[in-house]
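Please read this briefing alongside the sequence and the model. The points below are grouped by topic.

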Amino acid sequence: MAKVENKTSLMDRLAWNIIIPVVILALISLYCIYVAALGDPNHIGSPVRAVLMQGVWYLISAVIVIVVMQFDAEQLFKIAPIFFGIGIFLLIAVLFLYNRSVAADTGAKSWFKLGPVTFQPSELMKPAFILMLARVVKDHNDKYGHTIKTDWLLLGKIIAWLAPVAVLLKLQNDFGTMLVFIAIVGGVVLVSGISWKIIIPLYGIVIVGAVAVILLVVTPGGQAFLGHFFQAYQFERIKSWLDPSGDTSSGAYQLWQSMKAIGSGQIFGNGFGKASVYVPVRGSDMVFSVIGENFGFVGCVALILVYLYLIIQMVKISFDTRNIFYSYISTGVIMMILFHVFENIGMNIDLLPLTGIPLPFVSQGGSALLGNMIGIGLILSMKFHNRDYMFSTAGDF
């Protein structure tokens with residue numbers, strides 16, 4: 001009888017409201033990868049092999065989730081610098097050991113190649129950075145509290161920890177991934193307790209800067225100035241975003257094909273397994289076009305609702321723990337996943353410029369899946385270690 005009680009207790013500690021939507025997204029992923037490979041004349045290997053490879057990555061990720069959720073808040077606080085250091089080391093190493101063929105095709109020096117497997121270390125850096133950022137904010141607030149002066153000091157610390165990551169990603173020509181880190185910082189800053197007298201002007205400057213960059217891109221003089229910071233292919237992506245029908249045979253071809261595929265699905269889609277419109281890199285970056293073509297507007301909305309449910313449940317678990325360190329972690333994870341979803345779907349329908357941002361838990365690829373699943377493991381840890389002291393005001397640990 002005792003064994004049954006222990007099993008029930010363990011099952012109750014698992015956040016099924018997080019696990020179930022992730023499993024649903026995994027099944028959607030395997031289907032989309034199969035269809036994308038089936039309709040790609042340039043795909044190497046059979047569609048079944050592509051599905052099996054992604055299934056293996058899911059199994060590996062599931063094991064990692066189980067390991068990550070064993071760590072409680074205090075342990076995560078202690079090991080955060082170790083994971084951050086490993087992440088920085090990998091970001092440096094990839095500058096020397098990057099995949100030459102990927103760099104030639106995309107301009108990004110951000111991928112390792114180990115035999116037939118390619119791996120992007122910045123994906124693992126995302127959860128490592130979230131842990132470190134949460135530690136920095138909690139440690140600062142515990143020591144200094146909140147005044148305008150200490151809030152500026154905290155903001156300086158956050159920027160200081162972001163700076164090495166930003167420099168290394170710039171050297172890798174991976175601007176899309178850099179945007180994810182900025183989104184993570186933006187979310188954590190909002191919940192860090194920094195005064196709104198600082199946050200509002202700061203966010204206003206960021207918005208004005210983003211608009212200024214877009215305006216500069218469309219002028220020759222602006223492009224010459226921005227050429228010191230951006231690559232030629234990045235200019236092409238912004239141009240195709242602003243005018244997707246301008247050059248559908250070159251810079252805007254991928255975006256145009258994606259919109260054709262999604263548009264062809266109309267309300268209810270063309271049915272299972274349809275891939276009549278060729279979309280480059282459809283299994284990874286443009287995987288949303290599979291949903292649009294096969295299941296139409298209804299299928300796209302259903303997928304978005306699954307993500308919405310997942311985000312809401314992560315927010316609820318964050319509130320239930322009432323542990324400030326966990327709340328910083330969950331905010332970072334939520335912002336990471338939310339930005340990925342918003343950017344990927346947005347770029348598939350020309351709402352946002354094209355970037356190499358995958359759709360969480362759905363796009364083909366192991367490194368992105370590992371990074372997102374580690375984030376899920378951190379969220380699951382919150383309920384798995386939900387002890388009574390987390391509801392007291394005596395302290396988080």
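**Salt bridges and their surroundings**

Asp142 and Lys138 are both in helix H6 (residues 121-144), where 4 residues, about one turn of the helix, separate them. Helices (H or I, at least four residues) and strands (E, at least two) are DSSP runs, numbered from the N terminus. The model is predicted: local features need pLDDT of at least 70, side-chain atom pairs count only at pLDDT 80 or more, and totals for chains, interfaces and linings use all residues. Residues are numbered from 1 along each chain as its sequence is written, and side-chain values use heavy atoms, with hydrogens and water left out.

*The pair in helix H6*
- A salt bridge (a side-chain nitrogen of Lys or Arg within 4 Å of a carboxyl oxygen of Asp or Glu) joins the side chains of Asp142 and Lys138, at 2.5 Å from N to O.
- Lys138 is buried at 7% relative accessibility, whereas Asp142 is exposed at 53%.
- Buried means under 20% relative accessible area, exposed means over 50%, and partly exposed lies in between (1.4 Å probe, protein chains only).

*Other salt bridges*
- The structure holds 5 salt bridges.
- Glu74 and Lys78 form one of them, with an N to O distance of 3.7 Å.
- Glu74 and Lys78 are about one helical turn apart, because 4 residues separate them in helix H4 (residues 73-97).
- Glu74 is partly exposed at 31% relative accessibility, and Lys78 is exposed at 53%.
- Arg282 and Glu293 also meet through their side chains in a salt bridge, at 2.5 Å from N to O.
- This pair links distant parts of the chain, 11 residues apart: Arg282 is in the loop between H12 and H13, and Glu293 is in helix H13.
- Arg282 is buried, with a relative accessible area of 5%, and Glu293 is buried at 0% relative accessibility.

*Loop residues*
- Gln266 lies in the loop between helix H12 (253-265) and helix H13 (288-321).
- The phi of Gln266 is near 50°, a positive value in a residue other than glycine.
- Gln266 is exposed, with a relative accessible area of 61%.
- Asp350 lies in the loop between H14 and H15, and its phi is near 70°, a positive value in a residue other than glycine.
- Asp350 is buried at 17% relative accessibility.
- Gly356 is placed in the loop between helix H14 (324-348) and helix H15 (366-384).
- Gly356 is partly exposed, at 43% relative accessibility.
- Leaving aside residues up to four places away in sequence, Gly356 touches Arg237 and Asp285, where contact means heavy atoms within 4.5 Å.
- From C-alpha to C-alpha, Gly356 and Val67 are 29 Å apart in space, and they are 289 residues apart in sequence.

*The whole chain*
- The protein chain has 15 helices and 2 strands.
- Its radius of gyration is 22 Å, close to the 21 Å that the globule rule gives for 397 residues, so the chain is as compact as a globular protein of that length.
- The radius is taken over C-alpha atoms, and the globule rule is 2.2 Å times the number of residues to the power 0.38.
- The C-alpha trace of the protein chain spans about 65 × 60 × 40 Å along its principal axes.
- Of the 397 residues in the protein chain, 49% are buried.
- Among contacts in the protein chain with a separation of 6 or more, 72% are between residues 24 or more positions apart.
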